[in-house]
Amino acid sequence: MKSSLAINGGPKTIDKSFDWPIFDETDVSSVLEVVRSGKWGNPDCAGIVKSFEDDFAAFCGAKYALTCVNGSVALRLALIASGVRPGDEVIIPPYTFIATSSIVLEANCVPVFVDIDPDTYNLDPDKIEAAITKRTKAIIPVHFAGQSCEMDRIVEIARKHKLTVIEDACHGHGAEYKGRKLGSIGDAGCFSFQSSKNLNSGEGGMVITNDEKLYDMMNSLRNVGRVKDGQWYEHHYLGCNYRITQLQVALLSTQMKRLAEQTARRHENGTYLNKLLSGIKGIRPLERGRGETIHSYHIYIFRYDKAYFNNLPKAEFAKMLAAEGVPCFMGYPQPLYKQPLFQKKNFMCYAIPEHVDYTKVHCPVTEKACYEEAVWILQHGMLGPKSDMEKYAEAILKIQKAFTSFHP
Ligand SMILES: Cc1ncc(COP(=O)(O)O)c(C=O)c1O
């Protein structure tokens, strides 16, 4: 019965609020301590900034960690410090946030889109080599939604062609590939602490690496081109002020204490929801088992097939599911290369070669994910009890029943 759907005024399947961020008095006192100290910035990135970086590096099993203003800048620092030159090509997936591509353009490099795997929505290792040219210098695998990319295969291809690997782990705090923390496997790994992320200080970012030279250069670039042992007004490289504040780090330090437990809970709920949704015709969770040992479920994604819902378009289905109380939406409406930025080459002052034409790019798996298949449940919806997962499955079945005579 369509009238029983919450979107039409019926009762919601799950009627609760999903809190995010989660905080208590320990977060408040941590921030207050910094406020009272009067030292809010940190031009030397010392003190609590350095100790948080050291803790984060140790947590990830990396030698160096470097905070900065956000995840986009983390990627920017890693790419520029890796030594790319104008016109170099950088391989990225088209199913990701705009920042993965815009930082490439801002480095005067050319984003080359390689399609995703239909079962994981991560960069498809089988398609990478065909996209490599003499100008290719780096690959940015995105651990989308918190599921690890197939890093052994990607690193092997990169080493063979002498390419830098910069992991976009902005969704992957605490997630693991074959027991190794995401971000610690390539040459550098980048994280976002923007407010929706699994580790959050409103805004903020981090790069980790095991490479001392890369670390020193990134350190200089985030600090207006200053160098170790240099003078205050001595600037060696074209950097900027990309430093984090102590106020953000105060929050991160207390939030970090919750990360492992929250990640474990999301992982467990995600595994359970996979089992529940696999039993519903027309719903397919993304596949696991390509090496990820912990999935951080920044997003829980399932694939929707409208044929089992009387051809109800995905966008409408997602709206109905959200009305039932599931914290979800349809995700990216289009692949990155379809954005006006790429179609119209609105690159402002950044110099991209004439021959580059994004109107000719076609990545069928990403297009299907955006236009037809992918539905996202957000990370804060994965932190509740298992009964929430049961309600999510119930809500999907309720919509299916309203649109078909089909009884699974
Ligand atoms: C995959 C991915 N990469 C990079 C970023 C950029 O992070 P920030 O918003 O902190 O700049 C985001 C942010 O949403 C993201 O989702």
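The legends below describe close-up views of a predicted model.

**View A. Helix 7 packs against helix 11.**
Helix 7 covers residues 246-278, and helix 11 covers residues 386-403. Their axes lie 9 Å apart, at an angle of about 30°. Angles under 35 degrees count as roughly parallel, so helix 7 and helix 11 are roughly parallel to each other. Helix 7 passes helix 11 in a right-handed crossing. On the helix 7 side, the contact is made by Asn269, Tyr272, Leu273, Leu276 and Leu277. Helix 11 contributes Lys386, Met389, Glu390, Tyr392 and Ala393. By class, the residues of this contact are seven nonpolar, one polar and two charged.

**View B. Helix 2 packs against helix 7.**
Helix 2 spans residues 47-60. Its axis and that of helix 7 are 9 Å apart, with an angle of about 35° between them. This crossing is left-handed. Helix 2 brings Ile48, Val49, Phe52 and Asp55 to the contact. They meet Gln246, Val249, Ala250, Leu252, Ser253 and Met256 in helix 7. The contact of helix 2 with helix 7 has seven nonpolar, two polar and one charged residues.

Strands of a sheet pair through backbone hydrogen bonds.

**View D. Strand 12 pairs with strand 14.**
Strand 12 takes in residues 299-304, and strand 14 takes in residues 374-378. The two run antiparallel and are joined by five bridges. Ile299 stands opposite Leu378 in strand 14.

**View F. A shell of 14 residues surrounds the ligand.**
The closest are Asn70, Gly71, Ser72, Phe97 and Ser192. Two helices, helix 3 (71-81) and helix 4 (98-106), each supply at least two residues of the shell. By class, the shell has four nonpolar, nine polar and one charged residues.

Key: Residues numbered from 1 in each chain as written. Predicted model: local features only at pLDDT ≥ 70, side-chain atom pairs only at ≥ 80, totals over all residues. Axes fitted to C-alpha atoms, helices over the stretch in contact; angles between N-to-C directions. Helix = DSSP H or I, 4+ residues; strand = E, 2+ residues; numbered from the N terminus. Parallel < 35°, antiparallel > 145°, perpendicular 65-115°, else oblique. Left-handed = near helix turned anticlockwise from the far one by under 90°. Contact = placed C-beta atoms within 7 Å. Nonpolar A, V, L, I, M, F, W, Y, C, P; charged D, E, K, R; others polar. Near = placed C-beta within 6 Å. Pairing = 2+ DSSP bridges.
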